[in-house]
Amino acid sequence: MSDRVTAELAARLPAGALLTDPDSVARYAHDDAEWAPFGKPLAVVRPTRTEDVAAVVRVCAEAGVPVVGRGAGTGLSGGANAVDGCVVVSFEAMNAILEINPCEQLAVVQPGVVNDDLRAACREHGAWYPPDPASSPWSTIGGNVSTNAGGVCCVKYGVTRDYVLGLQAVVGGGDVVRLGRRTAKGVAGYDLCGLFVGSEGTLGLVTEITVKLLPGLRAPERTVVGSFDSLAEAGEAVAAVAAGGVVPSALELLDKHCLEAVDAWKNMGLSAEGNVLLLGRSDTPGEAGEQEVDALLRCFDEAGATWSARSTDQHEADALFAARRLAYPALERLGPVLTEDVCVPRADVPEMLRRIEEAARRHDTHIANIAHAGDGNLHPLIITPPGDDAARQRAQRAFDDIVDDALSLGGTVTGEHGVGLLKRKGLHAELSPEVVAMHHAVKNALDPHGIFNPGKVFGTP
């Protein structure tokens, strides 16, 4: 069977698109979710056209072979991990920006376009694409669509789904469909385009994306910093910002574990600033922006900040936010990292942070915390020494407790990383059996052969 499938793929694809060498194929077997299991792919296809993707899906549908889509492999939930005998479709070569249209305020891109490359290209046309995951220098728009990625500025500007107007996808047995629209308004039919955003490759393979842009260049941001003795006090400041109606363009949290890890790697001197830092920004122009900054500082101080300040040095301000993006890879240097992605109501951020600390103590587990705190999206990072199986088991128990705590506070198991393999148990706890059945019905309707990313999201926990 495997020889027949690879022979059929080789016959239908351009030269160089198909990889079957075991060493080459192994590089595409998993994403960055260290703890998620993965299998051995039968082959990897690197298409350059939608027609190539459709050919792959037709061959695999006929043979009953699973198909797993892959962007840059920066995912943190195992959503792009191979299953045994699958064909991985890597979109790295479909990386063209097809159109940037300032008049219609949209761009059309292939899924392999890197997030920051699109943002840079839009700036040249006087436009802005807001979603900015921490992995934006490496992650692709297709991967962002797959998980409905968020980012630093999404507290004010929203997540990927808020900017996807339309897409082209290969579904079913190889049919190519266009979903969504290019117009500023449109309500014809069900929102099937929105359904694909965040579907993690379980409904089909996206081969083209039309995204909404914001007109003009982004206004300069003012940066504020607050230092706190405890996570709970920093959480109280976050809740106060939300309660006060302030909508910053960023509100990020880093605890001492993160600051020390970044210092050990990059020697930035951040850990001397305090146990927990809140980094806030405002891009509102003029006096209104100054008032936002004043409000942020007031919330910080009233929540118990040991110090707070406006940044008057743009280089220093940018370095602080660069440290935020460096926190995860810095922590990876300490050992395998099990990444959480829970999101809770903003008023419950202080309580959730307390519970994370309790889980760390209860299970004798090293947990560092970074967060898109302004929208309640917390990323506890559970770190274990390499090869320590007992620590790994304790970490898994802490992981499960954190998910349960988030759900008990009215939260969700994932704010932006997706369910993939790591959050399936939590998803079944979050959704009722009736709602899970609705999802299965949609999956079966759009993927009748059951080949698209099987076992992910709604698979057996």
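Lys 266 lies over the face of Trp 265, at 4.4 Å from the ring centre. Here a charge sits over a ring if NZ of Lys or CZ of Arg is within 6 Å of the ring centre and within 35 degrees of the ring normal. Arg 281 lies over the face of Phe 321, 4.0 Å from the ring centre. The model is predicted: local features need pLDDT of at least 70, side-chain atom pairs count only at pLDDT 80 or more, and totals for chains, interfaces and linings use all residues. Residues are numbered from 1 along each chain as its sequence is written, and side-chain values use heavy atoms, leaving out hydrogens and water.

**Aromatic pairs**
- The count comes to 3 aromatic pairs (Phe, Tyr or Trp six-membered ring centres within 6.5 Å; planes under 30 degrees apart are stacked, over 60 edge-to-face, the rest tilted).
- Trp 128 and Tyr 157 pair edge-to-face, at 4.7 Å centre to centre and 80 degrees between the planes.
- Phe 228 counts as buried because its relative accessibility is 0%.
- Phe 300 is buried too, at 0% relative accessibility.

**Around Thr 306**
- Thr 306 counts as partly exposed because its relative accessibility is 44%.
- Thr 306 and Ser 227 are 79 residues apart in sequence, yet 5.6 Å apart in space, C-alpha to C-alpha.

Technical notes
Buried < 20%, exposed > 50% of the residue type's maximum accessible area, 1.4 Å probe, protein only.
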